[in-house]
Amino acid sequence: MNPWRKLLLDAVSPFESGVQGLAVNGIKHPERRDYRPSRTAAVLVPFLDLDDPELVLTRRAEHLPHHPGQVAFPGGAAESDDVSAVQTALREANEEIGLPIDAALPIGFLDRMDTVSDYRVLPVVALVRAPVSWMIDEREVSDVFTVPASVALNRDNYKSNTHEQHGQKYPVWTLHWEGRKIWGITAAILMNLITRLERVRAQQDSVVSRSAERADYG
């Protein structure tokens with residue numbers, strides 16, 4: 001198996017584990033620990049499955065009432081006939097950018113994210129068979145582009161600022177790529193994946209180190 005693919009598979013949470021074990025990040029209610037947003041959404045975190053993988057992102061249309069012009073993952077609110085978050089994410093990606101559903105292989109979840117717009121968002125990571133001819137729905141998306149995974153998943157490429165909401169402070173990460181600003185929930189989701197990848201690499205290094213120690217002692 002491609003080492004990159006193996007690393008990504010080890011970093012995501014498998015579907016069979018469900019969502020109960022996933023952390024909930026993002027905006028917290030200042031007084032209610034049990035609070036959860038009233039609406040549910042899912043986004044697709046799609047990587048072109050290449051020797052040098054690329055992350056697929058969109059830029060929201062300028063005329064949209066919420067977050068116009070911002071870089072985002074394809075995705076949106078769950079609909080009543082969606083049977084799962086995976087179906088929501090794939091359906092939205094197909095509608096927004098024309099990603100063929102059979103070209104995407106969903107492989108797992110990242111941690112959930114609560115947003116200021118009253119959504120709990122579940123990221124679904126997928127490997128996408130390339131090439132893809134994008135068909136943009138201009139009612140929702142103005143552009144689709146890719147970022148090398150080596151750039152998007154490198155913590156050193158991000159800058160951090162602080163945002164205050166309900167008297168609480170939150171880190172806001174920003175990545176600049178070819179004149180585009182990747183920030184907000186999109187960057188927060190990527191930082192969650194970066195943290196997971198770093199954890200997997202640390203575990204792998206620990207195993208290698210222990211194996212080397214055993215070899216030294218015969």
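This is a predicted model: local features need pLDDT of at least 70, side-chain atom pairs count only at pLDDT 80 or more; totals for chains, interfaces and linings use all residues.

Residues are numbered from 1 along each chain as its sequence is written, and side-chain values use heavy atoms, with hydrogens and water left out. Searching the whole structure gives 12 salt bridges (a side-chain nitrogen of Lys or Arg within 4 Å of a carboxyl oxygen of Asp or Glu).

- Glu79 pairs with Arg91 in a salt bridge whose closest N and O atoms are 3.4 Å apart.
- This pair links distant parts of the chain, 12 residues apart: Glu79 is in the loop between strand S5 (75-77) and helix H2 (85-97), and Arg91 is in helix H2.
- Helices (H or I, at least four residues) and strands (E, at least two) are DSSP runs, numbered from the N terminus.
- Glu79 is partly exposed at 39% relative accessible area, whereas Arg91 is buried at 12%.
- Buried means under 20% relative accessible area, exposed over 50%, and partly exposed in between (1.4 Å probe, protein chains only).

**Asp111 and Arg196**
- A salt bridge joins the side chains of Asp111 and Arg196, at 2.9 Å from N to O.
- Asp111 lies in the loop between strand S6 (104-109) and strand S7 (112-114) and Arg196 in helix H4 (residues 184-216), so the pair ties together parts 85 residues apart in sequence.
- Asp111 is buried, with a relative accessible area of 12%, and Arg196 is buried at 7%.

**Asp114 and Arg120**
- The salt bridge between Asp114 and Arg120 has its closest N and O atoms 2.7 Å apart.
- Asp114 and Arg120 are both buried.
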